[in-house]
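Q: Before we turn to particular rings and cores, could you take me through how such features are read from a model?

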Amino acid sequence: MLFLWLYMFYSCAGSCSGLAARGSPAPPRAAPLLLPGEPGEESSVEEQRAAPDAGSSISSFFNGSGTKRLPQAIIIGVKKGGTRALLEFLRVHPDVRAVGAEPHFFDRNYERGLAWYRDLMPKTLEGQITMEKTPSYFVTKEAPARISSMSKGTKLIVVVRDPVTRAISDYTQTLSKKPDIPTFESLTFKNRTTGLIDTSWSAIQIGIYAKHLENWLLHFPIGQILFVSGERLISDPAGELGRVQ
């Protein structure tokens with residue numbers, strides 16, 4: 001949509017200048033992206049409409065201006081749920097700027113400090129949303145408190161998937177790197193006769209969503225966490241992405 005808009009903008013730049021001088025409306029801006037449940041959504045729309053015109057914003061963007069900000073929204077999980085697909089979909093939106101690589105700040109690099117974390121973020125213009133995704137945050141015990149300490153208003157996104165399908169995908173990825181690991185069945189079951197599952201195996205443990213969610217609800221209200229269906233990202237990507245936006 002951004003590239004189509006840019007094409008239309010530059011194609012009509014010459015002919016539109018006369019119209020603009022006579023007071024005709026400026027070219028339309030891309031629709032703002034607002035996360036569900038965000039307080040003051042109506043005022044946010046008005047603020048973005050009152051922002052500098054699209055031409056000057058685009059010019060500033062390509063000139064490298066902007067400010068590095070801490071993320072207002074984070075995709076916190078889960079591994080093999082579809083987080084990469086969701087992030088790449090969102091990055092197409094002109095109001096979203098996101099880090100491509102996983103920063104792993106709140107689980108592995110927290111001692112480096114918020115200044116280090118902020119420096120990883122892309123520059124954004126007024127009205128744009130800064131995002132990052134690190135799926136291991138969801139199962140990291142310390143992550144909720146650390147993110148809350150940064151900002152209690154951070155929007156959290158969790159991409160969930162059928163736990164069995166997710167575990168198989170997780171195992172397949174590991175198998176591609178370590179072909180000599182035990183079979184999926186031997187890692188899954190403590191006792192195949194009784195069907196007792198080994199919940200200590202990470203591929204199974206990640207899929208016990210309720211257990212990890214309890215830890216997040218100690219620091220964030222449920223309304224601040226959006227659950228995205230990994231299955232619907234495949235069957236209805238536009239519809240599911242619309243919920244996120």
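A: Let us begin with burial, for which a residue counts as buried when its relative accessible area is under 20%. By that cut-off W201 is buried, because its relative accessible area is 15%, and Y171 is buried as well, with a relative accessible area of 11%.

Q: What pLDDT does the chain average, and which stretches fall below 50?

A: This is a predicted model, and its chain averages a pLDDT of 82, with 74% of the residues scoring at least 70. Over residues 1-57 the pLDDT is below 50, and this stretch has 54 contacts in the model beyond near neighbours in sequence. Residues 59-63 also have a pLDDT below 50, and beyond near neighbours in sequence that stretch has six contacts.

Q: How many aromatic pairs does the structure hold, and why is the pair of Y171 and W201 edge-to-face or stacked?

A: A pair of aromatic rings is described by the distance of the centres and the angle of the planes. The structure holds eleven aromatic pairs. In the pair of Y171 and W201 the ring centres are 6.2 Å apart and the planes stand at 75°, so the pair is edge-to-face. Since Y171 lies in helix α8 (residues 163-177) and W201 in the loop between β8 (196-197) and α10 (202-205), the pair ties together parts that are 30 residues apart in sequence.

Q: Which class does the pair of W216 and F220 belong to, and are these two residues buried or exposed?

A: W216 and F220 form a tilted pair, with 6.2 Å from centre to centre and 35° between the planes. W216 is buried, with a relative accessible area of 0%, and F220 is buried too, at 2%.

Q: Which residues do ring pairs link into a cluster?

A: The cluster linked by ring pairs consists of F105, F106, Y110, W116, Y117 and Y137. Leaving aside residues up to four places away in sequence, Y137 touches I74, I76, P103, H104, F105, F106, D107, E132, A143, I147 and W216.

Q: Which members of the largest nonpolar core touch the most other members, and which elements each supply at least two of its residues?

A: The largest nonpolar core has 22 residues, of which I74, I76, F106, Y137, I147 and W216 touch the most other members. At least two residues of this core come from each of β2 (73-77), α7 (143-150), β6 (155-160) and α11 (209-216). Another core, of 16 residues, lies apart from it and includes A73, L90, I129 and V244.

Notes:
Residues are numbered from 1 along each chain as its sequence is written. This is a predicted model: local features need pLDDT of at least 70, side-chain atom pairs count only at pLDDT 80 or more; totals for chains, interfaces and linings use all residues. Side-chain values use heavy atoms; hydrogens and water are left out. pLDDT is the predictor's confidence in each residue, from 0 to 100. Contact means heavy atoms within 4.5 Å. Rings of Phe, Tyr and Trp (its six-membered ring) pair if their centres lie within 6.5 Å; planes under 30 degrees apart count as stacked, over 60 as edge-to-face and the rest as tilted. Helices (H or I, at least four residues) and strands (E, at least two) are DSSP runs, numbered from the N terminus. Buried means under 20% relative accessible area, exposed over 50%, partly exposed in between (1.4 Å probe, protein chains only). A nonpolar core is a set of buried Ala, Val, Leu, Ile, Met, Phe, Trp, Tyr and Cys residues joined through side-chain atoms within 4.5 Å.
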